[in-house]
Amino acid sequence: KDSRTSAMDDERIVELLRQRFAARALQNYPTADLLRDELGSKYGIDLNDRANTWKDANGRVGTQDGPDYFENRGVRLQEARTQRKKLKEQAKAERLAAERKANSFAQHDGREDANAPRDANAFVAWLRAEDGPLKNTKPYAMYPELAESCIEIVEKWRVRFEKHVWLRVLGGGSRGGVQQRLVKELLESLHVMARVVQHLDRDVRLEDSPVTVLDLCSGFGYLSMFLAELLPAARVDKIVLLDKAWPMHSQEKASTGQINPEHIFHADWPIRMTTSKNNLKTPAGRRSVEKHIFENAPGAVIVLGIHLCGQLSVRAVELFNTNPKCSMLALKPCCLPQVWAGMPNTVWNFSNGQTLQLEQVGINGRFIKNIWRGPPRSTLVRKFACWGNGLYSGIACRCRDSVGGGMD
């Protein structure tokens with residue numbers, strides 16, 4: 001029957017719970033299992049040993065350890081789980097609403113912007129506006145001509161891409177507010193773009209074979225997309241976007257968690273672009289990069305690493321040091337390496353004799369749902385300076401000026 005428990009059975013249930021609790025305390029698990037079976041078969045009691053609670057077929061809940069086996073702690077636990085589930089669903093709904101608002105160009109730089117256009121046709125004009133998201137920034141002040149060229153490129157993309165691809169290119173969402181991803185990536189990439197253009201003009205001879213650009217941990221690929229429009233096509237063989245989140249070339253479409261490469265392969269780019277699914281953290285991944293990219297490159301290889309997390313920056317330096325074809329390395333570390341249990345004594349040995357100790361630069365902290373969990377970020381400035389200087393000193397430069405000129 002459905003209602004197996006009654007007031008007459010409560011004393012027996014309590015007695016069985018006491019006996020089972022004592023058996024488990026004495027590690028007499030066979031007896032505890034028999035008592036569990038009796039509670040389930042006779043009284044419809046379902047036990048949760050992790051939460052130390054029980055519930056019956058009628059929905060009653062209680063605790064296993066007493067002294068009041070029918071107190072409301074079990075109810076409170078269930079109510080707390082329900083409340084956490086509601087809060088989680090609410091946070092998800094708010095995040096999706098923020099992303100939709102970002103795609104409508106309603107905000108930038110974390111501030112509400114009443115002038116932000118909601119029509120895609122007005123987006124380029126908004127980028128050029130004096131009160132837009134670019135003109136008053138430091139990157140624009142440093143490279144105004146390059147920034148204007150990039151705005152013209154964005155205008156080409158708006159015409160070239162289908163609407164659903166264009167909306168993906170715009171992106172959205174950032175910590176502390178809502179911001180167009182395209183604008184954010186443009187501002188963060190301008191300096192590297194300028195260096196690549198300068199390197200190709202100044203350090204690579206016209207009679208040399210075309211170069212290969214390798215964009216490490218490319219993500220969506222904004223840097224490569226801009227370079228495909230900026231660099232002279234005759235001097236670049238191809239641009240390789242390397243990231244472990246790309247799908248395999250044999251896949252018909254990207255799976256959940258992978259980056260959809262539609263904007264890379266289904267567009268008419270001046271310079272050929274291709275994706276490479278690889279993980280630089282593994283030795284096999286690094287060997288694959290050397291074999292399939294460096295060995296097959298017809299000329300020099302330009303290695304770019306923007307927003308490389310943790311030890312990936314070390315791997316980028318190793319790629320540059322161990323491959324003579326590398327003519328330039330642009331490295332922009334994203335975050336400090338993590339100190340995992342049992343690894344604080346890790347030492348990175350670079351080929352030029354320099355070393356870098358993990359305990360000098362490592363941290364125990366990370367972002368969890370866009371909230372920093374770890375030591376105060378203000379205390380990490382010294383560690384990040386040590387991290388940047390250590391990586392820079394580990395580069396076996398052929399000519400230090402040709403790879404970026406230092407920590408600028």
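A crossing of two helices is left-handed if the near helix is turned anticlockwise from the far one by less than a right angle, and right-handed if clockwise. In these terms, the crossing of H11 and H12 is right-handed. The model discussed here is predicted, so that local features need pLDDT of at least 70 and side-chain atom pairs count only at pLDDT 80 or more, while totals for chains, interfaces and linings use all residues. Residues are numbered from 1 along each chain as its sequence is written, and side-chain values use heavy atoms, with hydrogens and water left out.

The chain contains 14 helices and 14 strands; helices (H or I, at least four residues) and strands (E, at least two) are DSSP runs, numbered from the N terminus. Of its 408 residues, 43% count as buried, where buried means under 20% relative accessible area, exposed over 50%, and partly exposed in between (1.4 Å probe, protein chains only). Among contacts in the chain with a separation of 6 or more, 65% come from residues 24 or more positions apart, a contact being heavy atoms within 4.5 Å.

Helix H1 spans residues 7-25 and includes Ala22. Ala22 has a relative accessible area of 37% and is therefore partly exposed. Between Ala22 and Ala32, 10 residues apart in sequence, the C-alpha to C-alpha distance is 8.5 Å.

Strand E2 (residues 53-55) is joined to E3 by 3 bridges, and the two run antiparallel; strands pair if DSSP finds at least two bridges between them. Opposite Trp54 stands Gly62 in E3.

Strand E6 (residues 211-216) has 6 of its 6 residues buried. In a regular strand the side chains alternate between the two faces of the sheet. In E6 both faces are covered, with Val211, Val213 and Asp215 buried on one side and Thr212, Leu214 and Leu216 buried on the other. E6 runs parallel to strand E7 (residues 236-242), to which 6 bridges join it. The bridge partner of Val211 in E7 is Val236.

Helix H9 (residues 222-230) is largely enclosed by the rest of the structure, because 8 of its 9 residues are buried. These buried residues are Tyr222, Leu223, Ser224, Met225, Phe226, Leu227, Ala228 and Glu229. Ser189, in helix H8 (residues 181-202), touches Leu223 and Ile306, not counting residues up to four places away in sequence. Ser189 has 2% relative accessibility and so counts as buried.

The axes of helix H11 (residues 283-294) and helix H12 (residues 312-322) come within 12 Å and cross at roughly 45 degrees. H11 is therefore oblique to H12, since angles under 35 degrees count as roughly parallel, over 145 as roughly antiparallel, 65 to 115 as roughly perpendicular and the rest as oblique. Arg286, Val289, Glu290 and Phe294 in H11 meet Arg315, Glu318, Leu319 and Thr322 in H12. By class, this contact has 3 nonpolar, 1 polar and 4 charged residues; Ala, Val, Leu, Ile, Met, Phe, Trp, Tyr, Cys and Pro count as nonpolar, Asp, Glu, Lys and Arg as charged, and the others, Gly among them, as polar.

Key. Axes fitted to C-alpha atoms, helices over the stretch in contact; angles between N-to-C directions.
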